[in-house]
Amino acid sequence: MADAKQIEDNSKPAEDELAGSEAPLLEHLVELRKRLIYSAVTIVALMAFCFIFASTIYEWLLIPYKNAVPGANLIFTAPQELFFTYLNVALFGAIFLGFPMVASQIYMFVAPGLYKHERRAFLPYLVATPIFFVAGAALVYFVVLPMALHFFAGMQTEDIEMLTSVSEYLGLAMLLILAFGACFQLPVVLTLLAQIDLIHVEALKKGRRYAIVGILIFAAFITPPDPISQIGLAVPMYLLYELSIISVRMVEKRRAAALAAQEAELSGSSSE
């Protein structure tokens, strides 16, 4: 009876952490609207800022094309195409720069419903999110995009020359950068789910074959229909999946060690 009472007393602080944090649906919707407004305002403001430097961002995105296809020029086939391309470039820059702000707004929305230890677990991944995003973007910029462009340029013949539209090339480059940046969040998401005990390492191990099929389908859907881009996304995603398994195993080991220490402390105090 004493042990049961002591365990019950130890569980009360965790329950008290959420006491008073319950809110009706309307308040949750109001909070969600506020976070969405903050995110939208950030993106719009950054888009206006990036539009000023759209030509600089355009030149930066053009470097892989120039390196892969020396001497080739981009064209535009409609009077308004270049203007709307600069708008898309500005939006791309806004999403890229505003990603940490959007991630922080997501955290501030879900944080009131988390226990204190869950909030502590969330914060490191909030820092890791932009790091993995930049890593995915760098992989596209320095490896995948040049390889894909070399592949496409190699299909030219004496009678067939590749004349690339500026909007089509930049659309491809920006899509790949954002897609890879988002896909590189896989270890962050899975490890975070493990921190709050929603996913386990055994489930990830058993789901390997399904994960491989899902990754291949996703890569075929999100990338252009060329093997370079698809393999360039599928292989890193699978490696990230394996990295997630290692990370989740470490989380479970730390949780098991903490529970063992807590049980030892409870047994020691009860014996006294």
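UniProt's unreviewed entry marks "transmembrane region" at residues 36-63, 83-110, 122-149, 169-196, 208-225 and 231-251. What we have here is a predicted model, so it's handy to see how it treats a couple of those spans. Residues 231-251 come out as 100% helix and 0% strand, with the end C-alpha atoms 30 Å apart. Residues 208-225 are 83% helix and 0% strand, and there the end C-alpha atoms sit 25 Å apart.

Now for helix α2, residues 25-52. Its 28 residues should span 40 Å at 1.5 Å a residue, and the end C-alpha atoms are 41 Å apart, which agrees. Arg35, Ser39, Thr42, Ile43 and Cys50 are buried in this helix, and the cover over its buried residues includes α3 (54-68) and α4 (81-110). On the surface, Leu25, Leu29, Leu32 and Leu36 make a nonpolar patch with about 390 Å² of accessible area together. Leu32 itself is partly exposed, at 32% relative accessible area.

How many salt bridges does the whole structure have? A search turns up four, including these:

| Pair | Closest N and O atoms |
|---|---|
| Glu31 and Lys34 | 3.5 Å |
| Lys66 and Glu59 | 3.4 Å |

Shared partners tie Glu31, Lys34 and Arg35 into one salt-bridge network. Glu31 and Lys34 are three residues apart in α2, so about one helical turn separates them; Glu31 and Arg35, four residues apart, are also separated by about one helical turn. Residues three or four places apart point the same way, because an α-helix has 3.6 residues a turn.

Is Arg35 buried or exposed? Arg35 is buried, with 13% relative accessible area, while Glu31 is partly exposed at 21% and Lys34 is partly exposed at 33%.

Technical notes. Residues numbered from 1 in each chain as written. Predicted model: local features only at pLDDT ≥ 70, side-chain atom pairs only at ≥ 80, totals over all residues. Heavy atoms only, no water. UniProt positions renumbered as here; feature names shortened; annotations may be inferred. Helix = DSSP H or I, 4+ residues; strand = E, 2+ residues; numbered from the N terminus. Patch = residues over 30% accessible without salt bridge, like charges linked within 9 Å, V, L, I, M, F, W, Y side chains within 5 Å. Areas by Shrake-Rupley, 256 points an atom, 1.4 Å probe, with all protein chains shown as cover. Salt bridge = Lys/Arg side-chain N within 4 Å of Asp/Glu carboxyl O. Buried < 20%, exposed > 50% of the residue type's maximum accessible area, 1.4 Å probe, protein only. Expected span 1.5 Å × (residues − 1). Contact = heavy atoms within 4.5 Å.
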